[in-house]
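My entries follow the model shown here.

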Amino acid sequence: MASGKLSKAEIVENIYPLVKVSKKNIHRVIDLFFGQIKAGLLSDRVIELRGLGTFEIRTRKGRKARNPKTGDSVVVRNHGVAHFRPGRELKQKVWDLRS
């Protein structure tokens, strides 16, 4: 099993032999795809990719916290966080990977 990170450049290299498109164009399509996901999230839309999962913005409630560097008390207000929820197919395939 491969370990470590999978970079965008490596994804381009993996796709390149499978299609008759230049690496530059593959990279551009991937960038455009990611841009659409980001734009959708920033428009507060849920992004559903069948077979993979769902990206959405969730609201994290505000709270009192401490600055770990100074120890000062700070108030963290309500804020959005990007969240990925894997689809059923992906969940089933990765279930036993770390056991």
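Which side chain does a polar contact of 3.3 Å join to that of E56? I looked it up: the partner is R58. A polar contact is a pair of N or O atoms within 3.5 Å; within protein, one must be able to donate a hydrogen and the other to accept it, and residues adjacent in sequence count only if both atoms are side-chain atoms.

I noted the ground rules next. This is a predicted model, where local features need pLDDT of at least 70 and side-chain atom pairs count only at pLDDT 80 or more, while totals for chains, interfaces and linings use all residues. Residues are numbered from 1 along each chain as its sequence is written, and side-chain values use heavy atoms, with hydrogens and water left out.

**Entry: E56**

I found E56 in strand β2, residues 53–60. Helices (H or I, at least four residues) and strands (E, at least two) are DSSP runs, numbered from the N terminus. The side chain of E56 also makes a polar contact with the side chain of R85, at 2.5 Å. Is E56 buried or exposed? E56 has 14% relative accessibility, so it counts as buried. The cut-offs are under 20% relative accessible area for buried, over 50% for exposed, and partly exposed in between (1.4 Å probe, protein chains only). I then listed what E56 touches, leaving out residues up to four places away in sequence: L41, V46, V81, A82, H83 and R85. Contact here means heavy atoms within 4.5 Å.

**Entry: T54**

I stayed in strand β2 for T54. T54 counts as buried because its relative accessibility is 10%. With residues up to four places away in sequence left out, T54 touches V46, I47, E48, H83, F84 and R85.

**Entry: helices α1 and α2**

I moved to helix α1 (residues 8–15) and helix α2 (residues 23–42). Their axes come within 9 Å and cross at roughly 125°. The axes are lines fitted to C-alpha atoms, for helices over the stretch in contact, and angles run from 0 to 180 degrees between N-to-C directions. So α1 is oblique to α2. Angles under 35 degrees count as roughly parallel, over 145 as roughly antiparallel, 65 to 115 as roughly perpendicular and the rest as oblique. Helix α1 makes the contact with K8, I11, V12, E13 and I15, and α2 with K23, I26, H27, I30, D31 and F34.

**Entry: K20**

I found K20 in the loop between α1 and α2. K20 is exposed because its relative accessible area is 89%.
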